[in-house]
Amino acid sequence: MNKHAKITLVAIILIIIPFVYSILNVYAANHLQFRWNEDKFSYFALSNNGNIEFCNTMPYWANIKKFQIDTFYDLENKGALTIQPFTINPLSNSTQNGIFHSDKFTEAQYLFMQLDFEFNGGPIRLDPNKMYVIVSIDTPIIGVIPYSTTIQYSGFDFNKIMNEKNFC
């Protein structure tokens, strides 16, 4: 193999590595598992910030630019819990602190208390079928191209996921 062929081969490898790493990172973000890290999940606790435990099931690092949980009731955004950039080691867990913000904080807390009561067996005063949650996981491709994985859950399904005992 001559000198130019070796240089070309090394250049091709150096160009491909960031793309492969980015694709693997997107794949890891799509398979990221999460749950509430404290005793029992409640929407009211979510509105007071909190810790979420993540599990990276892949054999390589997962870099997450932003993890966000948006809560909606009757098509109106009630607030979002946001976790800023973090990295999870291969095949391991990591706990991250989230910050909740809402334009109508008191209204959101009242709604969440009522829904928590209903999900725990209390009488239904608000329609729990109008509650849904959108989870967004942002990870960049090659560090600059934004990529987002978005999953929508019903309020009840999200409550079950956050209280999951069999994890990772």
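Leu75 sits in the loop that links strand 4 to strand 5. This is a predicted model, so please take everything that follows in that sense. The phi of Leu75 is near 65°, which is positive, and the residue is not a glycine. Is Leu75 buried or exposed? Leu75 is exposed, because its relative accessibility is 73% and the cut-off for exposed is over 50%.

There is another leucine to look at, Leu91, in the loop between strand 6, residues 86–88, and strand 7. Leu91 also is not a glycine and has a positive phi, about 50°. Its relative accessibility is 60%, so Leu91 counts as exposed.

Next, helix 1. Helix 1 covers residues 3–30, which is 28 residues. From first C-alpha to last it reaches 41 Å, close to the 40 Å expected at 1.5 Å a residue. Where does helix 1 bend? The bend is at Ile16, by about 25°, and Pro18 follows within four residues. At the start of the helix, a side-chain oxygen of Asn2 comes to within 3.2 Å of the backbone nitrogen of His4.

The buried residues of helix 1 are Ser22, Asn25, Val26, Ala28 and Ala29. They pack against strand 2, strand 3, strand 8 and strand 9. As a general point, an α-helix has 3.6 residues a turn, so residues three or four places apart point the same way.

Let me stay with Asn25 from that list. Asn25 has a relative accessible area of 2%, so it counts as buried. What does its side chain reach? The side chain of Asn25 reaches the backbone nitrogen of Asn63, at 2.8 Å. Leaving out residues up to four places away in sequence, Asn25 touches Tyr60, Trp61, Ala62, Asn63, Thr139 and Pro140.

Last, helix 3, residues 105–119. With 15 residues at 1.5 Å each, helix 3 should span 21 Å, and because its end C-alpha atoms are 21 Å apart, the two values agree. Just after helix 3 comes Gly121, with a positive phi of about 105°.

That is what I have; questions are welcome.

Notes. Residues are numbered from 1 along each chain as its sequence is written. This is a predicted model: local features need pLDDT of at least 70, side-chain atom pairs count only at pLDDT 80 or more; totals for chains, interfaces and linings use all residues. Side-chain values use heavy atoms; hydrogens and water are left out. Helices (H or I, at least four residues) and strands (E, at least two) are DSSP runs, numbered from the N terminus. The expected span of a helix is 1.5 Å times one less than its number of residues. The bend at a residue is the angle between axes fitted to the seven residues ending there and the seven starting there. Buried means under 20% relative accessible area, exposed over 50%, partly exposed in between (1.4 Å probe, protein chains only). Contact means heavy atoms within 4.5 Å. A polar contact is a pair of N or O atoms within 3.5 Å; within protein, one must be able to donate a hydrogen and the other to accept it, and residues adjacent in sequence count only if both atoms are side-chain atoms.
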